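Subject: A structure for you to explore

Hello! Here is the structure I promised to pass on to you. Have a look at it first, and then read my notes below.

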Amino acid sequence: MPKGATVLVLDITLPSAAALVEACDLCDRILTDKMIYAPSDEVAVILAGTEKSRSALYERSEQARYKHITVAAELGPATTLTLAPIAATRAGVAVLPEGATVRRSIAEAYDFIDALQVAVAVLQARTSHKQYNRCIYLFTDARHEVRHKEDLLSLIDALQRDQVALVVIGFDFQPLPAAADSQEELNESAVCDASAWAALDRKAQNERILAALCTELGPPSVLVSPAEALESLSLLRCRRIRQQPVLKVALRIGDVRLATQLFTLTQEERLPSLRRSTQDGVDVVQTIEYVALGGVDEQPCALAKEERVEAFFLGVDRIPCSETDRETMRVKGPRALEAIGFVGEAEVEPYLLMGGTRALLPLAGDHAGQRGFNALVDAMASSRKAMLVRLVRTADAAPSLCVCFARTAASSAEQRHLVLAPLPFADDVRALHFSEYPELQFSAAEEQLMDELIDGLSVDDSVLAPDDTFNPVLQQYYATLRAKLSAMNVSAEKGNAKATSSEAAVPQLLPMLRGTSTDFFAEGSEVYEAVSAHRSALASCASAFPYEDEVDALLPGSRDAGGKGKPWYQDVMTTSSLVGTQAGSPLSASQGSGGAPSTIAAAILRGARCSGEADEASAGSHATSDANSISTAPHDTISGGVCFTVTSVDPVGSFSMIVHHPTVTQAQLNKAKDDLSDVIWELLRSSIKDAIYRKCMACITALRQFCVTQDDAAYYNDFLLKLEVVARQCGRDADFWVPYVVERKDSANVWPITAQECTSAALPDDTAAKAFLQKDRFDPAIVFDDTADDDDWLTEIQ
């Protein structure tokens, strides 16, 4: 899609102050929309009715014509400087040609045909012989005399030749007469035209001329009222992205080769990243410095690039990787798009598609290839076949598997194309295993209830129409930008150009988002009507499948009167004993874990096993197991064939389910503790900043409570040692280990277990536990990996 070139012609002689403010607000809205949604478009501002005159045509006519028309902003990308003439007009001042502003004097009459000719000249000077979507917005009440009516035909020719759309926003325009419905009415109106035209005043005649001009140019040229213009500008819209091919490649099907080009069809739109600057607007640059850590008494020293060695980290082991190794790892080959074969569309499961689709079309100008490509698309569509392809984006890049679906042209304005979606390799597919709970069977009546529920709540495609379902986060971001730009304009009008827009109020949720992407169940929506019409089916299903209230505390996002608005894991932190043993089936209090958490290399711990404190903390961790903890059943299978594993989605809930099961064995309890430990470390490594730190703390609290119940202090204290190593290894000691574990953030007690809680604990009291946590066990010579520093070369080959 080509760029847009827009010229705003604002009549500053509007007699009503309210009308002038309304016109300025509409101009602001158009300009800010260009800045937000189409920053590559170019905009110019022309003020009509100014005391001074400034335009190329005015100078060319030796100041004889085109008077009282000022080009206040030349054609270019919209910025806050483009908004300045509009802000000055609203404030009651005029912009002089040299950029200065003075109080606006009595408005001067102008010829709107001259103003439109100046606008056309501004467009021609920059966009002539270029592909642009050209448009002129004219804000006027059309009350001034038109002195050069003879130039109307040449104006129409220029607008049509350059394909310029004209949008007239008419203030205080009279309704136009209805169009004739028959030839007889047309003949009668023609007879009365001369006398009716003479009876019209100058403003009414000008209104008819502008309406006829828009009709002659045809859509999208139109004459609208300010209210209609505001309604159109208030509609939700997407950021416009320039249409350009991602790459051009030859599609090879055996011996057949077709020149094609690939366009982005769908891609997740994200908020732009924030950039830093000074108060004066100077960009701030972030630099990375690599330093080598010395001994305890040595200061870190900067490390030059040639002194650094790049390597893969496998735990604590380092595998060097040189430039030669990187080249060897690359899959050599040219750019390619090769067809592997054809399969039925139904054979490609939707869950295999990995998102980020592309549109594959024939190369522009290749007419022979166009015929072959169209024949291919029609043949695939008629046979309902999909084409499997191997794509190599650039030379020596990592290949990818894709599938192409045929899409025929639904109208003459569309074009046949192939929709290309990536497919996963075996390495990309996660092997997930879940229990089907075979002992739980539903009846035919219950299945019928679900059938009725599905049929009743089935909606058409308008509920998720891509053109009408907008991302609420992005739309609120656009609204916030517009509010802050408006605040900057207000500051400029008041003469405080340096005032920032940080105090601008963030707008409330846009009304047009209610009932769609933010709340599909809003009253009046199609989903709301469907739910309202089938409440009986919903009630029947709810009674047939009752929701267990006691399980609610274990589900994410649960809310109750005691913890309203708090995440589920914050409630877990304050419970006295979430994983306590059930009454009537107490677990052994003397049996420890049959298997410690995953091993971490002892080289990281400087004498952790040799120090007396660590020996006391871990003593008896393995010596307390006996024959009763041995089981021939798989550790993840409870008696009865039901499989229980500690999941990362709900680790506390699944762990609690295992330890409360009446037939659980000691070996299965030991494995549950090990699994929960692994989940905690995995959550800590994968957390984006502190996003799931509280979830980790809930898991640690659950593990600690269970170890207290089991009188297995050695296991938990040994777990804390290794948790500290993991936190240090992934760079989370400062923001997780110290505040959450050592300093007890949120009043969470996850300190080592002492003899005050367990008789088997080696640590006597909290003083010893605090010393246990604060002891430095790490060798300063060991440098941990900076997980935030990505491998750029790995990105290049993918």
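This is a predicted model: local features need pLDDT of at least 70, side-chain atom pairs count only at pLDDT 80 or more; totals for chains, interfaces and linings use all residues.

Residues are numbered from 1 along each chain as its sequence is written, and side-chain values use heavy atoms, with hydrogens and water left out.

The whole chain

The protein chain has 23 helices and 21 strands. Both are DSSP runs numbered from the N terminus: helices are H or I with at least four residues, strands are E with at least two. Of the 798 residues in the chain, 39% are buried. Buried means under 20% relative accessible area, exposed means over 50%, and partly exposed lies in between (1.4 Å probe, protein chains only). Taking contacts (heavy atoms within 4.5 Å) between residues at least 6 apart in sequence, 73% join residues at least 24 apart.

Back to α3 for a moment: this helix covers residues 80-90, and its buried residues include Thr-82, Leu-83, Pro-85 and Ile-86.

The barrel

Seven strands form a closed barrel in the order β9-β10-β16-β19-β18-β17-β15, with mixed pairing. The twist averages 40° from one strand to the next. Two strands pair if DSSP finds at least two bridges between them. Strands β9 (residues 247-253) and β10 (residues 256-264) run antiparallel and are joined by seven bridges; Leu-251 stands opposite Leu-258 in β10. In a regular strand, side chains alternate between the two faces of the sheet. Helix α10 (residues 367-383) lies across strands that include β9, β10 and β19, and runs at about 65° to β19.

A hairpin

Strands β13 (residues 311-314) and β14 (residues 317-320) pair in the antiparallel sense over four bridges. Ala-311 has Pro-320 in β14 as its bridge partner. Two residues lie between the strands of this hairpin, and Gly-315 takes a positive phi near 70°.

Two helix pairs

Helices α4 (residues 112-127) and α5 (residues 152-161) pack at an angle of about 30°, with their axes 11 Å apart. Axes are lines fitted to C-alpha atoms, for helices over the stretch in contact, and angles run from 0 to 180 degrees between N-to-C directions. The two helices α4 and α5 are therefore roughly parallel; that label is for angles under 35 degrees, with over 145 roughly antiparallel, 65 to 115 roughly perpendicular and the rest oblique. Residues making the contact include Leu-116 and Val-120 of α4 and Leu-155 and Ala-158 of α5.

Now compare α19 (residues 693-710) and α21 (residues 733-742), which pack at about 50° with axes 12 Å apart. That makes α19 oblique to α21. Among the residues that meet are Tyr-693 and Met-697 in α19 and Phe-736 and Tyr-740 in α21.

One histidine

The side chain of His-660 reaches the backbone oxygen of Ser-656 at 2.8 Å.

Enjoy looking around, and write back with any questions!

Definitions and conventions: A polar contact is a pair of N or O atoms within 3.5 Å; within protein, one must be able to donate a hydrogen and the other to accept it, and residues adjacent in sequence count only if both atoms are side-chain atoms.
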